[in-house]
Amino acid sequence: MKRNILAGAAMLFILTGCTNSVKEQQSEGETMEHGAMEGMEGHMDHDNVTPLQASEGTQELVIPPLLDKQTDSDFEYEVVAQEGTTQFFDGSITKTYGYNGNLLGPTVRLKEGETVKVKVRNELNEPTTFHWHGLEVPGSEDGGPHDEIKPGESKVVTLKANQPAATLWYHPHAHKKTSEQVFKGLAGMLYVEGADQDSAGLPTSYGLDDIPLIFQDRIFDKNLQLNYDELMNSDGTIGDVSLVNGTVNPKLTVTQPVMRFRILNGANARNYTLRLSNGASFTQIASDGGLLEEPVKTDEITLSASERSEILIDFSEMDSNETVAITDEEGTILLPFDLAFEGEATRKSVESWTSDEPFLTEKEKDLPISKQIELFGMMDMVTINGKKFDPERIDLRQKKGVPEVWEIYNKPDNMGGMIHPFHIHGTQFKIISRDGKEPAPNEQGLKDSVLIEPGERVKLLVTFPEEGTYMYHCHILEHEDNGMMGQVEVY
Ligand SMILES: [Cu+2]
């Protein structure tokens with residue numbers, strides 16, 4: 001992708017006044033009873049989602065450690081799925097899963113074009129897989145449900161980062177066990193780093209001005225355990241406890257005037273619409289698969305499960321006494337900031353960029369639809385094109401390197417239906433249209449997951465650069481486990 005760096009054309013961070021008063025959430029810790037919601041039998045509709053509790057800002061946000069590269073072995077990285085314990089609440093220990101630790105996992109950074117060997121090891125007492133979400137690797141390395149690693153076993157996978165710089169992630173994808181294993185804590189960030197972001201002059205100091213934010217919600221049982229069998233909802237497990245990077249009641253001390261946040265919706269099912277509590281705007285710079293065609297100034301972003309967004313927030317114009325936080329759409333504070341930078345801002349903003357090539361060519365827009373996907377159902381009655389996942393069945397075939405248009409239709413039911421986040425493995429696609437309309441500027445970038453509203457038809461331009469068998473599925477993890485998944489063979 002060619003870019004013209006518009007030197008001097010600094011992005012404008014217009015700070016609107018404090019128009020949104022922050023609505024105080026008085027959560028009584030109510031939790032959604034499994035299968036016991038009135039009328040809908042636990043079905044997750046838009047208007048009836050358990051609210052999150054506001055962060056009290058008592059814990060400094062945990063930043064996942066970077067995974068060190070090994071130099072003295074025949075693999076560069078080792079990722080181990082293991083059991084652990086985490087103290088989410090004072091005086092209580094919760095059993096959790098983590099990679100190379102108790103909860104979540106270290107951030108893995110690959111250089112654009114780099115090939116690394118990663119040893120994956122399963123120290124759990126159940127099978128798991130290691131899926132590299134958004135990485136365009138051959139099907140054999142993708143870590144889908146066919147690649148189960150048994151307890152105590154390991155294997156070495158080869159990951160080539162043959163794609164633009166992007167914020168990706170990794171998580172388990174074991175057959176019918178993904179939702180439970182993610183719920184218990186298995187997820188980590190996977191970055192591809194490269195020329196794109198360097199030339200754009202973006203903040204890149206990990207943990208200082210370049211910070212991952214993994215948003216998740218959890219529900220705990222009366223013993224403060226993540227007792228999945230008891231707590232789960234087959235329409236997507238939703239909780240009232242907000243975690244950011246696994247931290248309950250987080251706050252972040254901001255020491256740099258311009259901060260880059262790489263935001264992942266790592267929830268099993270919840271959709272997040274994120275805003276700033278003071279109504280200030282910020283800049284979205286990237287979608288799932290890399291930088292946008294050009295930066296987009298906005299005052300909110302919406303992410304369905306598994307989607308990512310990179311944003312820049314310019315704190316330099318904000319008063320250090322001002323209360324600033326990331327909130328959800330209800331105004332509930334999820335991550336308060338403690339503004340602690342001093343002196344003159346060394347970086348007021350970053351350079352803007354624009355592409356001299358169209359996001360999609362006329363030829364690409366005019367390609368006929370060649371794959372039709374119909375998402376339907378709820379709870380455990382979810383299907384794709386009327387079928388449930390069968391590991392022995394290939395649903396679609398597509399030639400490597402040849403772009404095709406997939407149309408994804410979210411067929412409503414007699415209750416209106418629900419949002420399904422649709423994810424395809426092994427590819428970064430482009431959204432051609434939503435119900436015939438051009439996608440919003442913040443969706444004009446590479447994507448691997450896309451939010452599909454009930455009744456909506458979304459056209460995607462899908463190209464697979466590698467061969468193998470790949471999953472496509474709803475990323476509400478319980479829907480995935482309930483069979484809302486198909487397989488495409490790329491040859
Ligand atoms: Cu779904």
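**Exercise 1. Find the residue in β32 that is the bridge partner of His423, then describe the surroundings of β32 in this predicted model.**

Step 1. Start with the pair itself: His423 has His473 as its bridge partner in β32.

Step 2. Now place that pair in its strands. β28 covers residues 420-424, and its pairing with β32 is antiparallel, over three bridges.

Step 3. Look for another partner of β32. Strand β33 (residues 485-490) runs antiparallel to β32, and six bridges join the two. Here Met471 stands opposite Gln487.

Step 4. Check how covered β32 is. The strand spans residues 468-474, and seven of its seven residues are buried.

**Exercise 2. Work out which strands stand at the edges of the seven-strand open sheet.**

Step 1. Write down the order: β13-β12-β11-β15-β20-β17-β18, with mixed pairing.

Step 2. Read off the edges. β13 (247-248) and β18 (290-298) each have a single partner strand, so one side of each lacks a neighbour in the sheet.

Step 3. Move to a pair inside that order. β15 (residues 258-265) and β20 (residues 308-314) run antiparallel and are joined by seven bridges. For an example, take Leu264, whose bridge partner in β20 is Arg308.

**Exercise 3. Describe the four-strand open sheet and one of its pairings.**

Step 1. The order is β4-β3-β6-β8, and the pairing is mixed.

Step 2. β4 and β8 (154-160) are the edge strands, each pairing on one side only. From one strand to the next, the twist averages 25°.

Step 3. As a reminder, strands of a sheet can pair in parallel or antiparallel fashion, through backbone hydrogen bonds. Strands β3 (residues 77-86) and β6 (residues 115-122) run parallel, with five bridges between them. Within this pair, Val80 has Arg121 as its bridge partner.

**Exercise 4. Decide for Leu104 and Lys176: buried or exposed?**

Step 1. Locate them. Leu104 lies in the loop between β4 (94-99) and β5 (108-111), while Lys176 is in the loop between β9 (166-171) and α1 (178-183).

Step 2. Look at the backbone. Phi is near 55° for Leu104, a positive value in a residue other than glycine. For Lys176, phi is near 65°, again positive in a non-glycine residue.

Step 3. Apply the cut-offs: 20 or more C-beta neighbours within 10 Å means buried, and 12 or fewer means exposed. Leu104 is buried because 28 other C-beta atoms lie within 10 Å. Lys176 has 12 such neighbours, so Lys176 counts as exposed.

**Exercise 5. Find where the model calls for careful reading.**

Step 1. Begin with the whole chain: its mean pLDDT is 90, and 89% of its residues reach 70 or more.

Step 2. Then turn to residues 1-39, where the pLDDT is below 50. Beyond near neighbours in sequence, this stretch has 83 contacts in the model.

Note on methods. Residues numbered from 1 in each chain as written. Predicted model: local features only at pLDDT ≥ 70, side-chain atom pairs only at ≥ 80, totals over all residues. Pairing = 2+ DSSP bridges. pLDDT = per-residue confidence, 0-100. Contact = placed C-beta atoms within 7 Å. Axes fitted to C-alpha atoms, helices over the stretch in contact; angles between N-to-C directions.
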